[in-house]
Each structure stands twice: as C-alpha cells, then as structure tokens.
Amino acid sequence: MRTVWKIVFSLIWPVSVMAQNPTPPTQPTPLLQSSPSTNDSPPGLDTTTPPSPEPTPILPAQPPPFIYFRPIKQPPIAPGRFTVFNLSAGYSVTNLAIPSSGRVALTGMDVSVAADSGRRISAKLDLSYTRAPSVFNGGHRADAFSYLFGPVFSVWNGNSVSTYAHVLAGGARVTGTFPNTSGGLSVGYVHYPAWAFGGSAEYRLSPAFGFRVTIDCLHAHFFNSAGATRGQNDIRVVNSIVYYLGEPVRPRHRQRLPL
C-alpha cells in the first residue's frame, strides 16, 4: 500500500508545480538568439563591418639555387681571328721581251692591297706600271700596265719572316716599239688577259710596317717580228714597304692554356 502511494505522489507532484507557475498570457514569447557561429560580434558594434582578412599562410622557404653562385673554373678564351688589310707600295722592275732587241728592263711602281684573315688562304689585288724611256735608241718608249687579282697561300708564317705563294689573273696593256717587215720600226700596244704566279718573302720591321720582296713570272702579250700578237713570259721583281691597317694576324704559335 505504501508503494502505491509513492507512485501516485510522484505523478501528481510535477503537475501541481506546473499549475502553480503558468506562463502569463500577456508575456511575449522570448526572441530566439542567433548561434555564436552566425554572429559572434560583441554588442554595440556594427554588424556590417567586414571581417578582418585571414592571415596569409607562410610557405616554407625554398633553398637558394646555390649552384648558380658557385664559381666555375673555365679556361681563358683564345683570341679569335679577324681580317686585316695591308697596303704595299714599292719599286718594280719588269724584264720585257721585245723582238730583235732581246729584253728591255722596265722600271716603275707597284701597289697592292691584301686581306689577311689569319688563315692559309687570303686575297690580293695588284696594280703595276713600269716603263722604259727609250728603246732601240730611237726615243720611243715602252711601258706595261697590269692589274691582277687572286689568292695568296701562306707557306711559312713566323714571328719575323713569312713567305707566301700566289696565283693572280687579270689583264695587261703593253706598249712598245718593234721592227716591221720593211726594215723600219712600228709602235703599237696590246691589251690582253694576263696572269702571274710567284712568291714573296716578308720581314717584319715593326707591328705596323714590313718589308716585302716579290718575284713573279708574268705572262703577257706583245708583237713578234712579223707584227703578230704572241704570248710571252716576263720576269717581274718588286721591293715594297707594307703597312698593316690594324693589328696583323701573324703569330700562329699557340700557347698552352693553363688547366
């Protein structure tokens, strides 16, 4: 019986407590508060203020490319070759063959321009004019003008002495006196293609000047005793002073580079 009363009392007691504290009908329903996740700003502040930017994440520093700052041992760069022009001017002697008179020495000037690239082959332009004031003791002159161009081959190139060989081609105009069939003398000229081959030796006087001796076999044309044009070989010797337009490319002895 006591147990039954305990059960009844436990059911009636909460109901009586709720009846003593009813919610007044005029009391407004309390407002729901926003969750802290939607509005966590302190009271009195403007809720429209944008939130502060998030801090920029700090990335781990990459190691510097130390390999680019490491000194690299490189051999010194060898000097390159470049083209050097040289001018020469000097005294020329041509041993010209004339019919019925043997040979006559023509003297004059020779001027040449050469391009030296420091290699075995270079180029040369040669202009020569020689003359003899009197032939056959008759007061008639003889002269020869030649213009030749061609390659020059380096045979030996030392610090002081150098030797070269060349083959030149172009033209030559030869004027002179020759005997005719009637027993008199005739004057005429021949302008034909010509060529020359020979060699030269060059001695270095200073970094800017040199002395050159050239010997050529000049193949030109002139008249024979019958008045016909013929080809003939003449000897030409030239002594000239050479001027280098720039630092000449002369020494070919290579120095050993330090390791």
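A cavity here is a set of grid points where a 1.4 Å probe fits but cannot get out. The model shown in these views is predicted.

**View 1. The second largest cavity and its lining residues.** This cavity has a volume of about 60 Å³. The count comes to 3 cavities of 30 Å³ or more. Lining the second largest cavity are 13 residues. Nearest its centre lie Asp 110, Lys 124, Asp 126, Thr 214 and Val 238. Strand 2, strand 3, strand 5, strand 7 and strand 8 (229-245) each give two or more residues to the lining. By class, the lining has 6 charged, 5 polar and 2 nonpolar residues.

**View 2. The largest nonpolar core.** This core has 20 residues. Ile 98, Val 104, Leu 106, Leu 148, Val 174 and Phe 222 have the most contacts inside it. Among the elements that give it two or more residues are strand 1 (84-98), strand 2 (102-116), strand 3 (121-135) and strand 4 (140-157). In soluble globular proteins, nonpolar side chains tend to be buried together.

**View 3. Contacts of Val 104.** Val 104 is one of the core residues with the most contacts inside the core.

**View 4. Ser 162 and its polar contact with Asn 157.** Ser 162 lies in strand 5. Its relative accessible area is 0%, so Ser 162 counts as buried. The side chains of Ser 162 and Asn 157 make a polar contact at 2.9 Å.

Methods
Residues numbered from 1 in each chain as written. Predicted model: local features only at pLDDT ≥ 70, side-chain atom pairs only at ≥ 80, totals over all residues. Heavy atoms only, no water. Core = buried A, V, L, I, M, F, W, Y, C linked by side-chain atoms within 4.5 Å. Buried < 20%, exposed > 50% of the residue type's maximum accessible area, 1.4 Å probe, protein only. Helix = DSSP H or I, 4+ residues; strand = E, 2+ residues; numbered from the N terminus. Contact = heavy atoms within 4.5 Å. 1 Å grid on protein atoms, 1.4 Å probe; cavity = no way out; pocket = protein on both sides within 12 Å on 5 of 7 lines; lining within 4 Å. Points joined across faces, edges and corners; volume = space filled by probe spheres on them. Nonpolar A, V, L, I, M, F, W, Y, C, P; charged D, E, K, R; others polar. Polar contact = N/O pair within 3.5 Å; in protein donor to acceptor, adjacent residues only side chain to side chain. Lists of a residue's contacts leave out its neighbours within four places in sequence.
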